[in-house]
Every structure is written in structure tokens, then in C-alpha cells.
Amino acid sequence: MDAFLCSQIATADFTSIIPEKGEITLSEAFDEYFKIHSVEDSLGVLQSQYVVGMYDKVRHTKRFSSVRLRHQVNLYNKEKSEQFSALTMVIPDGSMVIGFRGTDDTIIGWKEDCNLSVYETVPAQKDALDYLSSEASFDNSSPITICGHSKGGNLSLYSAVKAEKWIRNRIVKAYSFDGPGFRPSFFQSEGYADIQDRLSTYWSQNSLVGVLLESAGKVEIVHSRVFGTLAHDGFNWTVMGTSFQREKRLSDFSLLFEKLTGSFVENATEEEKISLFTELFDALQSSGCTTLTELTRMNIKDTIKFLHSLNGSRKVKEFIKAMVKALGEEGARKIGLLGTRDGQEGKN
């Protein structure tokens, strides 16, 4: 649970709060944060509605209040389809935890996620490796734990595997919380063989993100109280004591989603995948939206216009049709794509 909470702390924007060449306690940082923000603030559709409330609570805890924060990096480049953020947390025993933020609310950040299935590396992965190398050199002796949720989980495992051996030797654990996986070539590296027993992947039982591409390290499946996109939110995972409640298998829909996306990724040519994402994101950007929050506020007329703007190849159209059909059938069974809580399924 500590690693998951650290992955969520890393989602906070401490711009102008953390000293450029110094450290600040977590309690002090969030005291300053809440002079600018409110507990009711939303960080966008891809961030948990509970995360800002968690910021408020964790700053008062004995366990986390004295954690020291340093070297937050925030990068965004539309031309390179790059979105990256990282934070170093130094815990009282001197160990350091590096947290990588997942996809933010920007459409560019979402596009970079999709590019994981097309390219050997994406800019954020290179950024993550550079950040880990820099922090390991800045403090050249402390044990290192790495963590992240969503794309941040992918960056966590990627940086751990690709790091130089002297850095890998210091890594205690690298965690991915429902982060997308990797292309086959990732698993052929010397680094993966060296550190795979220290890589931990956590999937929601209803995962739609973690099941993308091939998972790395040991996979743990946890119980989720909701279905659909809300199942990606770790605050909707069930906790027993101080640990997540485990499940033995993925849900039927998650398995179907994994099969459909896996089949498309395996059978589509590089050109078809690039065409799909290029067309999709060109259409999104031409809609005038720059964030997913703006996209969700589109009216019906604009949504229909956007969908009609998508052309795509036959294989792309078949993939989208299959996904819409699967989502529609499961949505009808589970009462809504956006998620339902246990005990509500099947009620009218």
C-alpha cells in the first residue's frame, strides 16, 4: 500500500513549491499546495476523484508527513507527443522512492500511451530512464524503490530494466499499478533477466489498461468494486487491512478486452496502427479539445460529427466495431460503461 500511495503523491503538481535545489517535507509541500488548490478540485477525467482528498489526509499522518520531496520534473511537448512527470520522495530511513505520474488530462498524454504499442520506446520512457539515472547519481548509495500508476507504472518498470547495472543493483522493487505492458523485445534484454524478480505488476480484475501489451514481472490481480473505466482507479480497489484484496483471475470482460486488443496489436501492421492513432488524434485535436475533460463535455451533435470524421482501414473499422459491441453488451449487463459498484449489477 505504501508504494501505491507514493504513486498517487507523485500525481500532485508542486510547481514553484519544491525548492529547485533543495527539499521540502511532504507536510509543508501540501500546506502550500492547499493555499492554491481546494480539496474539491478535480485533476481531470484520468485522475481519481479521491486523490486530492488523499493529499489532504496524508499530510497529517505520522507515517508520511516527514517524507522529504525533491526534484519534481514536469515535461510536455505537443510536437513530440510527450508528457512526463516524476518526483523523488526520501523516507526517514534514507531510502528514496521515485514516483512517475501516469497519463494526465491532456490528449497528447493519451496519444503517447497509444504509441507504446507502435514504437520500441516513447519519449516519456527515455525521460524516466534519464530521471532515474540522475537521481541515482545525485544520491549514489541509498536503496531505490520505483512506482507509478497507469502509464507511470510502465515508466517504473521500463526505467528499472533499462538502467545501468550499478543502478539496478540498488533497486529494491519497481511497481506498476495497472500500467500498460511492453512489446516483446523488452523481455529479451539483459536488464529484464537481471531484475524481473523485483518487478511487481498489479491489475484490477476489471482492467482495461494493465492488460494492454505483455505484462512484466509478477502479476497480482486485485478486487475492484467497479466496472469499466472506473476500475482503473486504484481508490476503487478493495483493501483488506494494509493490503489489496487479491483475486484469482481477471473478469470475463477484461479477458475479452485483452483478447481483442491483443489480436489487433498482433495482426495489424505498423502502418495500420500508426494510421489508427494518427487519424484518431488528428480528429480529436481538430475538435478543438486539448484535454479529455473537454472531450467528455462535447454535446451529442459534436460527438456524432467527430465519429463520422473517422475513416480508417477495414481492419481498424472491424476493431472499433468489435470494441463498441463488446463494450455495449457488457455495459448493458453491468449498467453503464462508466462503472457500477458491487451489489448494483442487474438492477433496473
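Start by selecting Ile9, Phe14, Phe30, Tyr55, Leu69, Met89 and Phe177: of the 34 residues in the largest nonpolar core, these touch the most other members. (A nonpolar core is a set of buried Ala, Val, Leu, Ile, Met, Phe, Trp, Tyr and Cys residues joined through side-chain atoms within 4.5 Å; buried means under 20% relative accessible area, with a 1.4 Å probe and protein chains only.) At least two residues of this core come from each of α1 (2-9), α2, α3, β3 (82-90) and β6 (171-177). Helices (H or I, at least four residues) and strands (E, at least two) are DSSP runs, numbered from the N terminus.

A quick note: this is a predicted model, where local features need pLDDT of at least 70 and side-chain atom pairs count only at pLDDT 80 or more, while totals for chains, interfaces and linings use all residues. Residues are numbered from 1 along each chain as its sequence is written, and side-chain values use heavy atoms, leaving out hydrogens and water.

Next, pick α2 and α3. Which residues meet there? Leu26, Phe30, Tyr33 and Phe34 in α2 are in contact (heavy atoms within 4.5 Å) with Val52, Tyr55, Asp56 and Val58 in α3.

Now click His71, in strand β2 (residues 68-77). His71 isn't a glycine, yet its phi is positive, about 55°. Is it buried or exposed? His71 counts as buried because its relative accessibility is 18%.

Last stop: Ser150, in the loop between β5 (144-148) and α6 (151-162). Ser150 also has a positive phi, about 60°, without being a glycine, and it is buried at 9% relative accessible area.

Technical notes: Buried < 20%, exposed > 50% of the residue type's maximum accessible area, 1.4 Å probe, protein only.
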